[in-house]
Amino acid sequence: MTNASVALNPNKLVQYLQKMPNEFTKEDLIRYIEENGIQMINFRYVANDGKLKTLNFIITDRNHLDNILSTGERVDGSSLFPFIEAGSSDLYVIPRFKTAFVNPFSEIPTLDILCSFYTAQGEPLESAPEYILKKAHDCFKEKTGMTFKAMGELEYYIKSAKAELYPGEDQKGYHDSQPFTQWENLRREAMVLIAQCGGKIKYGHSEVGNFILREDGYEQHEIEFIPVEAEDAVDQLLIGKWIVRMLAAREGALVSWAPKITVGKAGSGLHIHMMLEKDGKNLCVENGKLSDIAKKGIAGIMDLAGPLTAFGNTIPTSYLRLVPHQEAPTYVCWGDRNRSVLVRVPLGWLGSKDMVKEVNPQQQADTRDFSSKQTFEFRVPDGSADIYMLVAGLIVAVQHGLESEDSLEKAEALYADMDIFSSNFSEKLEKLEQLPTCCYESADSLLAKREVFENNNIFPAGSIDAVAAGLKAYNDHGLNDRILGHHQEIMAIVDKYIHCM
């Protein structure tokens, strides 16, 4: 830890305790609570529906506070997860101190803490998505010696009364500024609150999606994070979604992460960027180019792309977004700076000259190497994703690629150096595997390669069965073809899943 790290960190606990979150202890939290008039603690955890749940504790005395933080509490697991039977449903929720933050919305001074699930025997709940992610990352670290870092691009729509004075231009909202965007202030406030609650944010901006439907205006926005360790990456996405929802509710506006809002307009994805580190060094770069390690990891994702939709594209409208010519992937391939592919390698400052010096001649030259910012991006998921399971699946997929002997050959064969729908690529396009086109096909794809996810005891067999059964229950095989051209039927499905995750 450096003084600069603490000084610039907006998290109120970091500022007060003068230490970073991963150093927080029970005694630290008690001191903060006592010295800052905190009256309530909220235990927060994610259940099967992907939303944050809350258990409120009013603090009555120091012994009570110590007891809450020392033992956690018991909850009814059968009401949180469908795979837990009522006859043996009690679970413990155990606070993870590093996740503590001051609730920015509560009128009562409140500290919120994310929790993990434990069984009656005091063991981690094997099927809890949060624990599946932890197992996947622990195994990855042990087998490869590397750390898996990730970050998400949180895309969402806000629906409200249409703007009369400065209406936005249809499907041309990318990086618009006020007054041509109504909800920039909400996005900025959300970014400040997310950072105060521990999130590491890269930037925010308005997105392409911008349209009017009858009396309602729809604006698309994005908040993008900074890569952090996998578990922290998921935590910040969950807190981010909750904060944006809370702010929109306060304003009487509807916010949605749904993959598709209406026909013919931009959908919302949940793109996940990844990097692999060892001893603080980004191993995605080697000699100024994308490394073989990164290419092997990408090949692993290519091999398991279909099954990964089972965690990242979990509702029927997910597959209204995954259609050709919409900057959403449909075929299994990858490329550099190519938005028509499944995995994209974005600009990464590889071999770039000192552009800041060129624009600002008065500035001293900067000789540092910024290639450590290089990531690779999985463009398939959307806001319906079970984010814990999705990132766990990506870790399994990357490890699968690193351990497979033919990964580099696969990566070479699946590389796309142009828009895959251009006429020059048509011959190769015919040979590429297609992604699932519905939840039912996604389930079949997962079941066909389930052993890769169950290897090393990462995903329990029961969890794979439950995910597949949930997807098949939609019975959406051939749905896109059945509703094509039927606007009312499409909108009925869109409205049904508007509040995904």
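E454 is partly exposed, and its relative accessible area is 24%. This value comes from a predicted model, as do the others in this report. E454 forms a salt bridge with R450. The closest N and O atoms of E454 and R450 are 2.5 Å apart.

Where do E454 and R450 sit relative to each other in helix α16? They are four residues apart in that helix, which covers residues 450–454, so about one helical turn separates them.

How many salt bridges does a search of the whole structure find? The search finds 28. One of them joins the side chains of E130 and R96, with an N to O distance of 3.8 Å. This pair links distant parts of the chain. E130 belongs to helix α5, residues 129–144. R96 lies in the loop between β4 (90–95) and β5 (101–102). The two are 34 residues apart. Are E130 and R96 buried or exposed? Both are buried. R96 and E130 are also linked with D235 in a network of salt bridges.

A salt bridge also joins the side chains of E277 and K149, at 3.2 Å from N to O. This pair, too, links distant parts of the chain. E277 is in strand β12, residues 272–278. K149 is in strand β7, residues 147–161. They are 128 residues apart. Both E277 and K149 are buried.

## N11, a buried loop residue

N11 lies in the loop between α1 (3–7) and α2 (12–17). Is N11 buried or exposed? N11 has a relative accessible area of 2%. The cut-off for buried is under 20%, so N11 counts as buried.

The side chain of N11 reaches the backbone nitrogen of L13 at 2.8 Å. Which residues does N11 touch, leaving out those up to four places away in sequence? They are A100, A195, Q196, C197 and G198.

With a relative accessible area of 33%, G198 is partly exposed. N11, by contrast, is buried.

G198 also pairs a gap in sequence with a distance in space. G198 and K98 are 100 residues apart in sequence. From C-alpha to C-alpha, G198 and K98 are 9.2 Å apart in space.

Terms used
Residues are numbered from 1 along each chain as its sequence is written. This is a predicted model: local features need pLDDT of at least 70, side-chain atom pairs count only at pLDDT 80 or more; totals for chains, interfaces and linings use all residues. Side-chain values use heavy atoms; hydrogens and water are left out. Buried means under 20% relative accessible area, exposed over 50%, partly exposed in between (1.4 Å probe, protein chains only). A polar contact is a pair of N or O atoms within 3.5 Å; within protein, one must be able to donate a hydrogen and the other to accept it, and residues adjacent in sequence count only if both atoms are side-chain atoms. Contact means heavy atoms within 4.5 Å. A salt bridge is a side-chain nitrogen of Lys or Arg within 4 Å of a carboxyl oxygen of Asp or Glu.
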